[in-house]
Every structure is written in C-alpha cells, then in structure tokens.
Amino acid sequence: KSDRVKASKFLEGPKSTVLKTKKEKQQFIDNVRDALYASKIMSYTQGMNLIKQASEEFKWGLNLGEISRIWKGGCIIRCVFLDRITAAYQKNGKLISLLMDKEFKDEVAKRQNSWRDVICVAIKNGVPCPAFSASLAYYDAYRRERLPANLIQAQRDFFGAHTFRRVDTDESTSFHEENWASKF
C-alpha cells in the first residue's frame, strides 16, 4: 500500500465527475445494484462452466443442478440465488451455460446497460472495478461468434512469422505475410 500512497501523490488521473442531483445519485446506486447482480450471474456462470468442462474432460458425470442444490444446504453460499441455478439445470439437464437459460438471459439483458454505464463511470473517474469489468468481458466474449483473436494472430505473424487465418477464407487455410512493412 505504501507504494500506492506514493504513486497517488505523483501520478495524475482523470478529473473526477460528480453526480450532482439526488436523482443522478439514486440512478447510479440503482445501476451499481444492476451491475453487481449481472456480475454475480457471470461469476456463477463461469464457475458452473468450469465444473462442467472438468466433468466432461475427466468423465466425472457431474449433475450441475444437484451440485448447486448441495451447496445451498451445506456451505457458506446458502443463498436463494442457488435455487434459481438448481431450477435452471433441473429444467434443462443439458444446459450448456446458465446464460443459455431464458430467465438468466433476460436478467442479464435487463441489466446490461446499467452494468456498462457503471463501468464507464468508473473508468472515466479513474476508479478500478476489476470484478465488474472482467465479468462484462466474459459476457461479451461468450456472446460473440467471432473474437478479436485474428488481430492477435496478425501481430504474432508480424513479430514472429507464426501465420494467421483470415475470416474471409476457409478456416483451415493459414497465411503468412512476408512483407508487413509494405502494408502500412
């Protein structure tokens, strides 16, 4: 912490914006609640997805609905939220992700703009919010058919001739650019 205290006196951040009216403050509080709830859904989604992947890889045959039911009864996570997770997996035993359950999908959709607004306000004010922003990044990555990995592939090819794949050609075809400098 002592390094951070020194840095706070030396490094500059953005000029803070202040919520002026009571209405603005209440709206921000409501948005933070929505962001927290959406992030909570992502946290459980990620956890259940990891358990599901491990179960498939190691052939454990785990029942995710049963796991959430057991957690409800025997550990510190005894929250009502686990009932909803249990219900989602009981409704669809082959559910690939909590996000693919209509109720969870709708909950996130309803809160998505608030979630994004809170992160933007935090960033504009130089306030780190790693849990909110990482959970939103997980959501955005999960919901996209195509990710910016192509840019990473191009960078790797530029620096080390690792090849890349183009989105406008057959997925199995690799390319390598010999003369990147002439492209700029």
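The legends below describe close-up views of a predicted model.

Residues are numbered from 1 along each chain as its sequence is written, and side-chain values use heavy atoms, with hydrogens and water left out. Because the model is predicted, local features need pLDDT of at least 70 and side-chain atom pairs count only at pLDDT 80 or more, whereas totals for chains, interfaces and linings use all residues.

**View 1. Helix H2 (residues 22-58) crosses helix H3 (residues 64-74).** Helices are DSSP runs (H or I, at least four residues), numbered from the N terminus. The axes of H2 and H3 come within 11 Å and cross at roughly 125°. Axes are lines fitted to C-alpha atoms, for helices over the stretch in contact, and angles run from 0 to 180 degrees between N-to-C directions. H2 is therefore oblique to H3; angles under 35 degrees count as roughly parallel, over 145 as roughly antiparallel, 65 to 115 as roughly perpendicular and the rest as oblique. The crossing is right-handed, a term used if the near helix is turned clockwise from the far one by less than a right angle, with anticlockwise giving left-handed. Met-48, Ile-51 and Lys-52 of H2 meet Leu-64, Ile-67, Ser-68 and Trp-71 of H3 (contact means heavy atoms within 4.5 Å). This contact has 5 nonpolar, 1 polar and 1 charged residues. Ala, Val, Leu, Ile, Met, Phe, Trp, Tyr, Cys and Pro count as nonpolar, Asp, Glu, Lys and Arg as charged, and the others, Gly among them, as polar.

**View 2. Lys-59 sits in the loop between H2 and H3.** Its phi is near 55°, a positive value in a residue other than glycine. Most residues other than glycine have a negative phi. Lys-59 has a relative accessible area of 72% and so is exposed; exposed means over 50%, buried under 20% and partly exposed in between (1.4 Å probe, protein chains only).

**View 3. H2 also packs against helix H4.** The axes of H2 and H4 come within 12 Å and cross at roughly 50°, which means that H2 is oblique to H4. The crossing is right-handed. Tyr-37, Lys-40, Ile-41, Tyr-44 and Met-48 in H2 meet Phe-81, Leu-82, Arg-84, Ile-85 and Tyr-89 in H4. By class, 8 of these residues are nonpolar, none is polar and 2 are charged.

**View 4. Glu-107 belongs to helix H5.** Its relative accessibility is 18%, so Glu-107 counts as buried. Not counting residues up to four places away in sequence, Glu-107 touches Tyr-37, Ile-41 and Arg-84.

**View 5. H5 and H6 pack at an angle of about 130°.** Their axes are 11 Å apart, and the angle makes H5 oblique to H6. H5 passes H6 in a left-handed crossing. Residues of H5 in the contact include Val-108, Trp-115 and Ile-119, and those of H6 include Phe-132, Leu-136 and Tyr-139. The contact of H5 with H6 divides into 7 nonpolar, 3 polar and 3 charged residues.

**View 6. Trp-115 is among the residues with the most contacts inside the largest nonpolar core.** Such a core is a set of buried Ala, Val, Leu, Ile, Met, Phe, Trp, Tyr and Cys residues joined through side-chain atoms within 4.5 Å. The core has 26 residues, and Ile-85 and Leu-98 are listed with Trp-115. Elements giving two or more residues to the core are H2, H3, H4 (81-91), H5 (102-124) and H6 (130-143). Leaving out residues up to four places away in sequence, Trp-115 touches Ala-35, Ala-38, Ser-39, Met-42, Val-108, Phe-132, Ser-135, Leu-136 and Tyr-139.
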